[in-house]
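Please look over the chain shown here.

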Amino acid sequence: MKAITDVQKPVKRPERILQFGEGNFLRAFSDWMIDITNEKTDFNGNVVLIQPIERGLAEMINNQHGLYTTVLRGVQDGKTVEELRLINSVSRCINPYSEYDEYLKCAENPDLRFILSNTTEAGIAWSATDKPDDQPQQSFPGKVTSFLAHRFRHFSGDTSKGLVFIPCELIDKNGDKLKEYVLRHAAAWNLDDDFIDWVNTACDFCNSLVDRIVPGYPKEEAAGLTNKTGYIDNLLDAAEIFHLWVIETRKDYSKEFPLVAAGLNVIWTKDMSFYRTRKVRILNGAHTLTVPAAFLYGLDTVEECIKDELVYRFMKKGIYDEIIPSMDGDETELKTYASDVLERFANPYIKHLLLSITLNSVSKFKTRDLPSLIAFIGKTGKVPPALAFSLAALIAFYQGTEIVNGELEGVRNGKPYAIKDDLAVLQRFAALYREGGEADERARKITKAVLSDSSWWGEDLTSYAGLEDQVSLGLEMIWSEGMKAALEKVCD
């Protein structure tokens with residue numbers, strides 16, 4: 001069988017885009033879009049990927065010269081659709097932890113114009129430990145500040161060499177937040193006022209919202225897909241057909257970055273709040289609401305959640321009885337969107353692993369489900385049972401005492417599973433679970449410790465009357481009666 005590099009040679013184009021994040025999502029989302037835009041417009045630009053953490057896919061991506069195949073599948077107008085596309089928009093991937101000088105050289109590229117990123121919800125965060133001479137800084141905003149400072153110096157403050165940032169992390173006002181931390185680093189590092197002025201005037205930080213379900217590498221189907229394509233591709237990337245990119249910006253970049261002209265579902269707008277709230281709280285919120293409970297219940301994929309009567313009932317209860325009632329806006333429109341989301345979840349061609357969705361679940365719950373929980377309490381004066389139980393299930397999912405290779409080890413049905421999150425979060429859960437105790441006492445103690453941690457949630461959640469008791473009761477019920485019985489009680 002041929003290698004992918006024997007079938008297709010990379011196309012050399014100016015590297016107009018730098019992308020922090022080399023994972024499945026952006027490769028099947030923005031890089032797929034850029035590949036189509038190169039084909040259908042005169043954009044003529046490639047993407048250079050930056051591996052945002054020390055361990056990643058850089059070596060594998062470079063071994064394939066940036067080439068890989070997207071596998072898009074779904075049902076459209078009642079017909080099965082499958083699209084295989086060999087992506088040729090990625091020129092290379094740089095690991096700044098081992099190639100720092102090469103990484104900084106990208107800042108000297110006069111063709112560079114756009115910066116994309118997906119470093120998870122936890123990625124756009126303040127780090128007081130980052131220093132200007134780190135090679136590289138640990139945090140994403142720290143890396144960006146250092147990168148911009150190098151570009152500013154190299155081009156002597158030329159305002160025409162400013163960059164346009166389009167972050168794809170699922171946090172509210174992601175571009176505004178990234179800019180806030182860049183300027184905060186600049187101040188902490190005593191960088192020149194001229195540099196700060198250049199960031200404010202020459203650079204633009206857009207807010208954006210992304211929407212596409214991307215399970216990633218289709219392991220069980222890889223052999224069949226290899227026979228279909230005729231070449232070996234270790235970076236196969238599966239996703240659904242649907243895609244939406246909403247970009248909020250003060251300036252019009254639609255001609256400079258002609259995604260719409262390429263026929264893509266991209267919306268440039270001055271206010272994306274409606275699109276963001278709808279998507280994050282219903283689609284992403286449904287994932288985070290359901291996944292920890294469904295995984296501990298014994299399921300492994302999102303499709304299984306739709307097919308399982310009990311878990312599906314729990315998901316629908318959370319969406320229709322709690323999330324949508326907590327939101328402002330037209331209820332009929334929101335219910336229509338929710339129905340479409342559930343149909344997308346049922347896509348038989350997408351094997352979306354629950355364990356992959358659990359990455360950074362604490363920050364995901366804060367972003368995706370906590371606003372609905374708090375708004376529901378504010379509107380009704382009652383604690384939403386499904387959302388409160390989902391928080392209990394999240395705490396149960398993080399049950400483990402040993403951290404191995406940066407991952408907390410949990411156990412389901414006698415078999416270990418990897419819990420992945422910020423190390424400080426994992427260490428906190430490990431310490432709590434090492435304390436032991438009777439089920440009811442331990443549930444109360446752990447629930448109080450988790451809910452009162454304002455560094456996780458932005459506030460002390462025990463201040464909401466009844467929430468702590470309900471979460472604690474749910475946690476104890478999971479331990480004493482099992483997830484199935486606990487779900488049945490919540491759904492009654």
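Lys420 sits in the loop that runs between strand S17 (415-419) and helix H18 (423-434). Keep in mind that this is a predicted model. Lys420 counts as partly exposed, because its relative accessibility is 41%. Leaving aside residues up to four places away in sequence, Lys420 touches Thr358, Leu359, Asn360, Tyr398 and Glu407. Now take Asp134. Along the chain, Lys420 and Asp134 are 286 residues apart. Their C-alpha atoms are separated by 25 Å.

Asp271 belongs to another loop, the one between strand S14 (266-269) and helix H10. With a relative accessibility of 44%, Asp271 counts as partly exposed. The side chain of Asp271 makes a polar contact of 2.8 Å with the side chain of Ser273. Asp271 and Gly458 are 187 residues apart in sequence. In space, C-alpha to C-alpha, Asp271 and Gly458 are 25 Å apart.

### Two asparagines with positive phi

Most residues other than glycine have a negative phi. Two asparagines here have a positive value: Asn44, with phi near 55°, and Asn405, with phi of about 55°.

The loop between strand S7 (114-117) and helix H6 (140-154) holds Ser139. Pro136 is in the loop between S7 and H6 too. Most peptide bonds are trans. The bond from Gln135 to Pro136 is cis, with omega near 0°.

Is Ser139 buried or exposed? Ser139 counts as buried, because its relative accessibility is 10% and buried means under 20%. Which residues does Ser139 touch, not counting those up to four places away in sequence? They are Ala125, Ser127, Asp130 and His185. With Asp130 there is also a polar contact: the two side chains are joined at 2.4 Å.

### One side of helix H22

Helix H22 covers residues 483-491. Its buried residues are Met483, Ala486, Leu487, Val490 and Cys491. Those residues lie on the same side of H22, because they cover an arc of only 130° around the axis. An α-helix has 3.6 residues a turn, so residues three or four places apart point the same way.

What do the buried residues of H22 pack against? Their partners are four helices: H10 (273-297), H12 (309-326), H17 (385-397) and H21 (467-481).

UniProt, in an unreviewed entry, lists residues 272-478 as "domain: Mannitol dehydrogenase C-terminal". Over residues 272-478 the chain is 68% helix and 6% strand. The end C-alpha atoms of that stretch are 39 Å apart.

### A pocket and a cavity

The second largest pocket has a volume of about 390 Å³. Its lining is made of 17 residues. Nearest the centre of this pocket lie Val75, Glu240, Phe242, Glu343 and Arg344. Strand S4 (68-76) and helix H13 (331-345) each supply at least two residues of the lining. Which element gives the largest share of the lining of the second largest pocket? H13 does, with six residues.

How many cavities of 30 Å³ or more are there? The count comes to three. The largest cavity has a volume of about 40 Å³. It is lined by Ile213, His287, Val302, Glu303, Arg344, Phe345, Ile350 and His352. Helix H11 (302-307) and H13 each supply at least two residues of that lining.

Arg344 links the two spaces in this account. Arg344 is among the residues nearest the centre of the second largest pocket, and Arg344 also lines the largest cavity.

Notes:
Residues numbered from 1 in each chain as written. Predicted model: local features only at pLDDT ≥ 70, side-chain atom pairs only at ≥ 80, totals over all residues. Heavy atoms only, no water. UniProt positions renumbered as here; feature names shortened; annotations may be inferred. Buried < 20%, exposed > 50% of the residue type's maximum accessible area, 1.4 Å probe, protein only. Arc of directions from axis to C-beta. Contact = heavy atoms within 4.5 Å. Polar contact = N/O pair within 3.5 Å; in protein donor to acceptor, adjacent residues only side chain to side chain. 1 Å grid on protein atoms, 1.4 Å probe; cavity = no way out; pocket = protein on both sides within 12 Å on 5 of 7 lines; lining within 4 Å. Points joined across faces, edges and corners; volume = space filled by probe spheres on them.
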